[in-house]
Amino acid sequence: MRLQRYLAYALLGLLMLGCQPAAAPAATAPTAAAPNAASAPAPTAPPALVKLNHAYVGPTESMAIPWIAKEAGFFAGEGLDVDVQLVTGSPRMVKALVAGDYQFAQVGAVAVMQAELEGVPVAIVAGAGDYDLFKIMANPQSGIRTVADLRGRTVAVSQIGSTSHTFLKLVLSREGLSLDDVQVLQAGGNPQAGQAMLSGAIDAATVDNQLAPTATRAGAVTIADGAVLKIPSLRGGLAAMRPWIERNRDVALRYMRAYVEAIHFYRTERDETIRIFQKYMADVSPEEAAYFWEGGYDGHKPLPVPSDEAIQGLIDREFAEQASHLKPSDFTDLSLLRDIERSGLVSQLYQ
């Protein structure tokens, strides 16, 4: 089975070669002037922007940096035309990344790490926080008030193998429970999981930071809070295929420069960032957007290098049988960020 998966991913990798964004055409030299024409060279059209596709798994503050890079013009300033798309479900997104549908994807780290272990040349290139901000919330009519009360009850997650699924597993384990002690429902996405809980269709759900204020106002009971538990876990991981980075190094660096500049914008342009949040978060109120902005501030470090502690925590929990042979660097490619660090861009931005 592992060999079959490897061959399937290898075939997808070959298909990727036909899915790469075309390089910007080189500017042609101006034609020679007529004998009595003015000596000034004829104007030439600016080079076309390089087209890239970026996917994000959920409309949360940890996924916001590419929104800002697009809306504030940082991608365009680097000669890039980036289409930013929502694709729910981390396992689904990794498959799309492998297929070449996207060049960059913000996705659950566990799905990326699992693919890497199956022979897929995919890497985490940046992060948006070292702790998950998920909550486990219960319908107020369910009678659930503690994690122990989840035994035998139905809990919704976005997808099996997603970050929300991992968070549920971690919280249960802290109370001596396992996933076998609950009935896990795949809702398709984090908003759908939360809405199923609020409707009363299921008892509880892992709820991302975006839906938490709405769920609280509706009377949902918070029984576990990632911000309080501080469980090391990579949030808002940015992933790309290693072969694509190697073949398109300059384009990848330009993308990451825009990403780093957008982080600076997030940290220094609060009001404008909140307006961008409202556009990408289904027109949430300014007060809700401000809540999300504050929740994501600390996670968005000036240089978004994921901590070894966050990735090691995932290794220890998700890949326990192989943990002694694995290390965080097995799953990352931080060379783009290190090049940017050496360039002095971060120091210039935060002078």
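## Helices α11 and α12

The axes of α11 and helix α12 (residues 270-280) cross at roughly 110° and come within 6 Å of each other. Helices here are DSSP runs of H or I with at least four residues, strands are E runs of at least two, and both are numbered from the N terminus. Axes are lines fitted to C-alpha atoms, for helices over the stretch in contact, and angles run from 0 to 180 degrees between N-to-C directions.

From α11, the contact uses Phe265, Tyr266 and Thr268. From α12, it uses Arg270, Glu272, Thr273, Ile276 and Phe277. Contact means heavy atoms within 4.5 Å.

## About the model

This is a predicted model, where local features need pLDDT of at least 70, side-chain atom pairs count only at pLDDT 80 or more, and totals for chains, interfaces and linings use all residues. Residues are numbered from 1 along each chain as its sequence is written, and side-chain values use heavy atoms, leaving out hydrogens and water.

## The chain as a whole

The protein chain has 16 helices and 10 strands. Of its 351 residues, 53% are buried. Buried means under 20% relative accessible area, exposed means over 50%, and partly exposed lies in between (1.4 Å probe, protein chains only).

Take the contacts between residues at least 6 apart in sequence. In the protein chain, 79% of them join residues at least 24 apart.

## Helix α11 and the cores

Helix α11 covers residues 249-268. Its 20 residues should span 28 Å at 1.5 Å a residue, and its end C-alpha atoms are 29 Å apart, which agrees. The expected span is 1.5 Å times one less than the number of residues. In α11, 14 of the 20 residues are buried, so the helix is largely enclosed by the rest of the structure.

The largest nonpolar core has 82 residues. Trp67, Met113, Tyr255, Met256 and Phe277 have the most contacts inside this core. Helix α11 gives the most to it, with 12 residues. A second, separate core has 18 residues, including Ile136, Leu150, Leu172 and Ile223. A nonpolar core is a set of buried Ala, Val, Leu, Ile, Met, Phe, Trp, Tyr and Cys residues joined through side-chain atoms within 4.5 Å.

Which residues does Phe277 touch, not counting residues up to four places away in sequence? They are Glu61, Ala64, Trp67, Tyr266, Ala289, Phe292 and Trp293.

## Helix α14

Helix α14 covers residues 308-318. Its buried residues are Ala310, Ile311, Gly313, Leu314 and Ile315. These buried residues pack against α5 (109-117) and α6.

Ser158 lies in the loop between β6 (154-157) and α6 (163-174). At 4% relative accessibility, Ser158 counts as buried. Its side chain joins that of Ser162 in a polar contact of 2.9 Å. A polar contact is a pair of N or O atoms within 3.5 Å; within protein, one must be able to donate a hydrogen and the other to accept it, and residues adjacent in sequence count only if both atoms are side-chain atoms. Leaving aside residues up to four places away in sequence, Ser158 touches Ser164, Gln186, Ala187, Gly188, Gly189 and Asn190. Ser158 and Gln186 are 28 residues apart along the chain, yet their C-alpha atoms are separated by 5.4 Å.

Pro191 lies in helix α7 (residues 190-199). At 31% relative accessibility, Pro191 counts as partly exposed. Pro191 and Ser158 are 33 residues apart in sequence and 8.1 Å apart in space, C-alpha to C-alpha. Not counting residues up to four places away in sequence, Pro191 touches Asp208 and Leu211.

Tyr102 lies in the loop between α4 (90-98) and β3 (104-106). Tyr102 is buried, with a relative accessible area of 12%. Its side chain makes a polar contact of 2.9 Å with the side chain of Gln85.

Lys230 lies in the loop between α9 (226-229) and β10 (238-241). Its phi is near 55°, a positive value in a residue other than glycine. At 47% relative accessibility, Lys230 counts as partly exposed.
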